[in-house]
Amino acid sequence: MTISSRFSVAIHILSLLEINKDGISTSEYISGSVNTNPVVIRRIMGMLNKAGLVEVRTGVAGSKLSRPLDQITLLDVYRAVHVVEEDGLFAVHDHPNPDCPVGKNIQSTIEPIFSLAQKAMENTLAAVTLQDVVNDISAKAPSV
């Protein structure tokens with residue numbers, strides 16, 4: 001099981017909006033870069049719009065970022081596309097055998113560890129901005 005690809009697609013969309021800020025970024029244009037259906041792009045764009053990360057105007061072609069790149073963290077994107085709920089990255093199996101010493105104690109033992117691991121990942125995402133991502137892409141493809 002992996003984190004939903006909505007997260008990486010959302011980062012792709014936001015990076016493309018910045019790199020193509022002088023052009024018109026329609027869902028069809030973006031879907032060509034992501035190599036997916038425009039409906040998928042529109043659905044994710046709706047989530048990004050609701051989170052205040054992009055400006056989308058109904059009936060008008062193109063979208064743009066609503067905040068400067070250095071003010072959008074990967075954690076903002078992660079939360080915008082509802083990858084997982086708080087403390088929900090790691091699932092713990094339901095109903096272990098309460099008559100077994102492991103089954104009786106496994107959930108209370110591993111849940112705090114899982115919570116710490118999720119917080120560590122979220123702290124890492126909070127430390128990276130979209131500016132960092134776009135800078136790296138631009139360094140790898142100087143013609144953009």
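Q: Is Gln-71 buried, partly exposed or exposed?
A: In this predicted model, Gln-71 counts as partly exposed, because its relative accessible area is 48% and that class lies between 20% and 50%.

Q: Where in the fold is Gln-71 placed?
A: Gln-71 sits in the loop that runs between strand S2 (63-65) and helix H4 (74-80).

Q: And what is the C-alpha separation of Gln-71 and Val-128?
A: Their C-alpha atoms are 10.0 Å apart, while the two residues are 57 positions from each other along the chain.

Q: Turning to Glu-18, buried or exposed?
A: Glu-18 is buried, since its relative accessible area of 18% falls under the 20% limit.

Q: Which helix holds Glu-18?
A: Glu-18 belongs to helix H1, which spans residues 6-19.

Q: What does Glu-18 touch, leaving out residues up to four places away in sequence?
A: With those set aside, Glu-18 touches Leu-65, Leu-69 and Val-134. Its side chain also makes a polar contact of 2.8 Å with the side chain of Lys-21.

Q: Now the largest pocket: what is its volume?
A: The volume is about 210 Å³. The pocket is lined by 15 residues, and those closest to its centre are Ser-27, Arg-42, Met-45, Val-56 and Ser-63.

Q: Which helix gives the most to that lining?
A: H3 does, with five residues. Helix H2 (27-34) and helix H3 (38-50) each supply at least two.

Q: How does the lining divide by class?
A: The lining has seven polar, five nonpolar and three charged residues.

Notes:
Residues are numbered from 1 along each chain as its sequence is written. This is a predicted model: local features need pLDDT of at least 70, side-chain atom pairs count only at pLDDT 80 or more; totals for chains, interfaces and linings use all residues. Side-chain values use heavy atoms; hydrogens and water are left out. Helices (H or I, at least four residues) and strands (E, at least two) are DSSP runs, numbered from the N terminus. Buried means under 20% relative accessible area, exposed over 50%, partly exposed in between (1.4 Å probe, protein chains only). A polar contact is a pair of N or O atoms within 3.5 Å; within protein, one must be able to donate a hydrogen and the other to accept it, and residues adjacent in sequence count only if both atoms are side-chain atoms. Contact means heavy atoms within 4.5 Å. On a 1 Å grid over the protein atoms alone, a cavity is a set of points where a 1.4 Å probe fits but cannot get out, and a pocket is an open set with protein on both sides within 12 Å along at least five of seven lines; lining residues have an atom within 4 Å of a point. Grid points are joined across faces, edges and corners, and a volume is the space filled by probe spheres set on the points. Ala, Val, Leu, Ile, Met, Phe, Trp, Tyr, Cys and Pro count as nonpolar, Asp, Glu, Lys and Arg as charged, and the others, Gly among them, as polar.
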